[in-house]
Amino acid sequence: MKPAGVVRKVDQLGRIVLPKSLRKRYQMNEGDPVEILVQGDHIILERYRPRCVFCGTLDGVREFKERYLCGGCMTEMAGLRRG
Ligand SMILES: [Zn+2]
C-alpha cells in the first residue's frame with residue numbers, strides 16, 4: 001500500500017470526497033457501489049464485487065436466488081444433494 005498523496009478532512013456526517021483524479025484513475029463513477037474493508041489500522045475502499053456467501057471468494061461467483069455462490073460451493077452443494 002502506498003500513499004496517494006492526498007489528505008482530506010472528514011465532514012460532520014463522516015463523509016470524505018475522493019479526488020476526481022483517483023475516481024477517474026480507478027473508474028469510480030457516481031452511484032457505483034464501493035465496499036469498505038478493514039485491515040489492521042487501515043480502511044480500504046474497493047469497487048464492490050459480490051463474494052460467495054459460503055467461502056467468500058470473488059472468483060467465478062454467480063447469482064442464484066438472490067445470493068452469490070462460486071462454482072466450487074455450487075458443485076459441493078450438488079454433491080450433498082446426490083448423497
Ligand atoms: Zn464458495
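Which residues coordinate the zinc ion? In this predicted model, the zinc ion is held by four cysteines, Cys52, Cys55, Cys70 and Cys73, each contributing its SG atom at 2.3 Å. Along the chain, these donors are arranged with the spacing C-x2-C-x14-C-x2-C. The angles subtended by the four donor atoms around the zinc ion run from 105 to 116°, and the arrangement is therefore tetrahedral. For four donors to be classed in this way, all angles must lie between 85 and 135 degrees.

The accessibility of the coordinating residues was examined next. Cys52 has a relative accessibility of 4% and therefore counts as buried. Cys73, at 11% relative accessibility, is likewise buried, because the term applies to values under 20%. Cys55, in contrast, has a relative accessibility of 46% and so counts as partly exposed; exposed residues would need a value over 50%.

Cysteine pairing was also considered. The count of disulfides in the model is zero, where a disulfide is a pair of cysteine sulfur atoms within 2.5 Å.

A further region is described by annotation. An unreviewed UniProt entry lists residues 5–50 as "domain: SpoVT-AbrB".

Definitions and conventions
Residues numbered from 1 in each chain as written. Predicted model: local features only at pLDDT ≥ 70, side-chain atom pairs only at ≥ 80, totals over all residues. Heavy atoms only, no water. Donors = N, O, S within 2.8 Å, 3.2 Å for Na, K, Ca; no water. Tetrahedral: all angles 85-135°; square planar, octahedral: opposite > 155°, others 65-115°. Buried < 20%, exposed > 50% of the residue type's maximum accessible area, 1.4 Å probe, protein only. UniProt positions renumbered as here; feature names shortened; annotations may be inferred.
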